[in-house]
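This report looks at covalent and aromatic side-chain contacts in a protein chain. Please keep the sequence and the coordinates at hand while reading.

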Amino acid sequence: MRRIYFCSVLGLAVMGCTTTPNNVPEQATAAPIEASQRLRYQLNTQGLPASGFWKSAPVLADINHDGRLDLASHSRDDKSPRVWLSQPQNAWQDSSQGLSQSNDTCGGGLKIGDINKDSFLDLAIADHCAGVLVYLGNKQNTWQLAKQLNSEAQQKTAAINPGLNVLNGAADLALGDINEDGLLDIVSAAADEGGFTVYLGKSNGKKWRETKSDGLPSIQDPGNEDSNAGWAVDVQLHDINNDKHLDIVASYYNGPRVWLGDGKGQWQPKSIGLPITTMQGTYRRLAVADINADGLKDFAIANDIGGAEAYLQNADGSWKKSTDILPALKAGATAIALGDMDGDGHIDAVIGGRLDGIDDTPAGLHIVLGDGKGQWHYEQGTQLPASGIDEVWGLALSDLNGDQRLDIVASTGYTARPSKNNPKKPNDIKLPSMQVWLSQPVNTSVATPQK
């Protein structure tokens with residue numbers, strides 16, 4: 001079963017586990033934060049749910065072909081994924097008809113793409129309980145379940161012992177043309193044990209072929225992993241080494257990992273220089289971009305204990321850790337997104353994390369501006385909440401209001417509800433669970449002194 005990390009006094013001494021980064025000065029008194037002269041945001045959630053447990057990264061795509069980006073996310077509370085179409089005046093309208101609500105689903109990852117090549121976007125869902133679900137879209141903007149995918153190993157284990165099947169479910173998935181046949185394929189990451197499963201797509205979205213012995217850690221071939229391999233919180237497809245083939249970047253259970261693809265469905269590990277942690281499950285969401293402008297793709301990743309980390313790619317494909325993106329995150333980070341937030345041509349970071357190391361301290365959203373050389377500046381006074389969010393599960397960046405600046409979408413939700421065995425209630429959270437933060441104009445003019 002999945003291992004949950006913990007820090008004890010002994011662990012702090014032996015393993016170096018800490019929730020407080022070194023060399024972070026303490027403020028003797030609370031100083032006012034001046035308004036940012038570059039970035040400012042306003043919350044706009046008209047038509048979006050104010051509550052819920054949105055345990056997935058939000059996804060933006062123009063689903064109804066009206067020129068505006070629409071929004072999708074997956075809920076643990078609502079027992080189904082949800083889609084909202086963008087409306088005039090920055091409003092949103094639910095368009096989730098056909099997305100099943102069932103006790104068999106419980107949140108996970110989500111990707112959007114034209115799976116059956118009919119010019120309408122479809123949904124691929126990774127669900128912690130149900131596995132992989134494929135929904136086909138249509139011109140009415142409704143959805144129809146086309147296929148529920150479970151690996152052969154999962155099916156065999158379920159037939160033997162359905163009540164204790166650790167291979168149930170999927171934590172996340174990536175959608176892309178892996179074997180370069182013009183059709184979208186799926187890379188699915190296990191929710192508990194089992195590593196990765198690759199499903200090659202067919203033309204109608206209803207037929208898929210599971211690959212075997214493809215070089216990824218799996219239940220059949222765990223490689224150097226544990227006997228059943230592990231799980232991954234985040235899995236993405238990018239051409240990391242610029243060879244025009246899709247590669248895998250994943251937030252794996254024992255650290256960030258990279259596997260290079262050959263365009264034919266085979267993979268080889270390329271993770272030299274990346275950390276291996278014995279505290280499994282500490283790495284969360286990741287984002288890929290050329291951080292230091294050297295023509296090579298790098299990535300940043302949220303560490304639930306260590307904060308936000310950046311790894312730069314060397315010319316030989318190995319990796320080196322950059323400077324700490326935001327040392328002030330004393331209680332770690334759970335989500336991260338990369339993009340040029342201030343329009344200076346350099347990659348910046350938006351991070352969901354906690355500044356305070358106290359248990360159950362609410363999280364916040366933080367912007368860190370990059371200089372194109374791997375150095376970072378914490379941009380405060382943006383009107384983003386530094387606290388008041390119970391948990392940030394995912395972030396997405398795009399220009400939603402047409403002002404040529406990136407806006408921020410955050411999916412949030414509480415990780416533990418009060419119960420008989422867990423009577424502790426969450427902090428008094430005032431912010432909605434599904435958040436859209438729109439960029440606002442900033443007055444950078446300087447008043448001319450009067451003569």
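What is the handedness of the disulfide of C106 and C129, judged by the torsion about the S-S bond? The model is a predicted one, and in it the torsion about the S-S bond of C106 and C129 is about 110°, so the disulfide is right-handed.

**The disulfide**

The structure holds one disulfide, in which C106 is joined to C129 with an S to S distance of 1.9 Å. C106 belongs to the loop between strand 5 (91-94) and strand 6 (108-113), while C129 belongs to the loop between strand 7 (122-127) and strand 8 (131-137), so the pair ties together parts that are 23 residues apart in sequence. The two cysteines fall into separate accessibility classes: C106 is buried, with a relative accessible area of 4%, whereas C129 has a relative accessible area of 39% and is partly exposed.

**Aromatic pairs**

A pair of aromatic rings is described by the distance of the centres and the angle of the planes. With centres within 6.5 Å as the condition for a pair, the count comes to nine aromatic pairs. Among them is the pair of F53 and W393, which is tilted, with 5.7 Å from centre to centre and 45° between the planes. This pair links distant parts of the chain, since F53 sits in the loop between strand 1 (41-43) and strand 2 (59-61) and W393 sits in strand 26 (residues 392-398), 340 residues apart. F53 counts as buried at 6% relative accessibility, and W393 is buried as well, with a relative accessible area of 10%.

Another pair is that of F196 and W259, whose ring centres are 5.2 Å apart and whose planes stand at 70°, so the pair is edge-to-face. Here F196 lies in strand 12 (residues 196-201) and W259 in strand 16 (residues 255-261), so parts that are 63 residues apart in sequence are tied together by the pair. F196 is buried, with a relative accessible area of 4%, and W259 is likewise buried, with a relative accessible area of 4%. Both residues also take part in a cluster, in which ring pairs link F196, W231, Y252, Y253 and W259.

| Pair | Centre to centre | Angle between planes | Class |
|---|---|---|---|
| F53 and W393 | 5.7 Å | 45° | tilted |
| F196 and W259 | 5.2 Å | 70° | edge-to-face |

Note on methods. Residues are numbered from 1 along each chain as its sequence is written. This is a predicted model: local features need pLDDT of at least 70, side-chain atom pairs count only at pLDDT 80 or more; totals for chains, interfaces and linings use all residues. Side-chain values use heavy atoms; hydrogens and water are left out. Rings of Phe, Tyr and Trp (its six-membered ring) pair if their centres lie within 6.5 Å; planes under 30 degrees apart count as stacked, over 60 as edge-to-face and the rest as tilted. Helices (H or I, at least four residues) and strands (E, at least two) are DSSP runs, numbered from the N terminus. Buried means under 20% relative accessible area, exposed over 50%, partly exposed in between (1.4 Å probe, protein chains only). A disulfide is a pair of cysteine sulfur atoms within 2.5 Å.
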